[in-house]
Amino acid sequence: FDNALTLDVTFYQSNTRKQTFLRPITVGEGYSKEYVQTGNVRNRGLELSLGYNKTWGDFTWNSSLTYSMNRNKIIDLLEDPNEVISQAGLNGANVILKKGGTMGDVYTYTDFARDNEGNIALDASGNVMRQTLSNPKYCGSVLPKGNIGFSNDFTWKGLNLGFLVTARLGGIVLSQTQALLDYYGVSQATADAREAGGIAVNTGMVSAESYYSVVGGDNPIWSEYIYSGTNVRLQEAHISYTLPRTLVGKLGVTLGLTASNLFMIYNKAPFDPESTASTGTFYQGLDYFMQPSLRSLGFSVKVNF
């Protein structure tokens, strides 16, 4: 296609061995945890980039589509294959590492109390009840299945216009913020529930206050606060104009506007899934009253002598 089309494909595999973990031990040994260097974690991934650049007279179109995916797997962890390591998390929800799993697997310890048929059990007053699970329940991984970026840049004479759309595909996220707001009745979800006359449970209705006082809080029923991490956003947009030489002589003057993280096109979570609570390895996808993500706007003047 006269060098208009480019394709770059990379496949990789890397194994990381003897990572440092903090493993809980019996308190009778004098300490509650110990550091161990162990394990074999495999990462396999694919990075693909497809580009198109074409000029028709004064008009140029430059487009690029990128896709990346990584598959993480714990090949070996500890000498005992049944032993696990519980890492950081939220109250009642932890990232648990075990052989055959991933570095982002989330397990929860709370659920609705249920009858023998699996229906949500109600107490004598008709309110929902909770239970603490003896064996934690696997809920998914906070690690995404893939990431996509789609950029376009258009140039016509002195005018340049471009934008970038990014997407994260898959993975789960958890919101402690939403659980606490529900518990105190100050969220939009509780307002909607009050307007609707309560929450439908089995074949009846439970008042919003009775429902969220059990479901929400600092140690909530986590199945109600796990969301898909999939999101699509307009990540960046820019426009600039280079003034013609007839106006500025020998000078080269370009005026530009740029913006980043403009708005979400698709997002089902009550917060930005790309935000992280800390720089720790195991806090991806966990929301505990994080600051909202920011939008930035910029104006530039570039002068070439």
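Mentor: Let's go through the pairs, then follow the strands around them.
Keep in mind that this is a predicted model, so local features need pLDDT of at least 70 and side-chain atom pairs count only at pLDDT 80 or more, while totals for chains, interfaces and linings use all residues. Numbering starts from 1 along each chain as its sequence is written, and side-chain values use heavy atoms, leaving out hydrogens and water.

Searching the whole structure turns up six salt bridges (a side-chain nitrogen of Lys or Arg within 4 Å of a carboxyl oxygen of Asp or Glu). Side chains of opposite charge can pair when their charged atoms come close. One of them joins arginine 23 to glutamate 83, at 3.4 Å from N to O. Arginine 23 sits in strand β1 (residues 5-24) and glutamate 83 in the loop between β3 (59-76) and β4 (85-90), so this pair ties together parts that are 60 residues apart in sequence. Strands here are DSSP runs of E with at least two residues, helices are runs of H or I with at least four, and both are numbered from the N terminus. Arginine 23 counts as buried at 18% relative accessibility, and glutamate 83 is partly exposed at 27% (buried is under 20% relative accessible area, exposed is over 50%, partly exposed is in between, with a 1.4 Å probe and protein chains only).

Lysine 99 and aspartate 76 make another, at 3.6 Å from N to O. This one also links distant parts of the chain, 23 residues apart: lysine 99 is in the loop between β5 (93-97) and β6 (105-112), and aspartate 76 is in strand β3. Both ends are partly exposed, lysine 99 at 45% and aspartate 76 at 36%.

Then there's aspartate 272 with arginine 233, whose closest N and O atoms are 2.6 Å apart. Aspartate 272 lies in the loop between β15 (252-267) and β16, with arginine 233 in strand β14 (residues 231-242), so parts 39 residues apart in sequence are tied together. Here both partners are buried: aspartate 272 has a relative accessible area of 10% and arginine 233 one of 4%. Shared partners also join Arg23, Glu34 and Glu83 into one salt-bridge network.

β14 pairs antiparallel with β9 (residues 159-169) over ten bridges (strands pair if DSSP finds at least two bridges between them). Asparagine 160 has serine 240 in β14 as its bridge partner. β14 also pairs antiparallel with β15, over eleven bridges, and there tyrosine 241 is partnered by leucine 255.

The loop holding aspartate 272 runs between β15 and β16, which takes us to an open, mixed sheet of three strands in the order β13-β10-β16. β13 (226-228) and β16 (286-287) are at its edges with a single partner strand each, so one side of each has no neighbour in the sheet. β10 (residues 172-175) and β16 run parallel, joined by two bridges, and serine 175 stands opposite aspartate 287 in β16.
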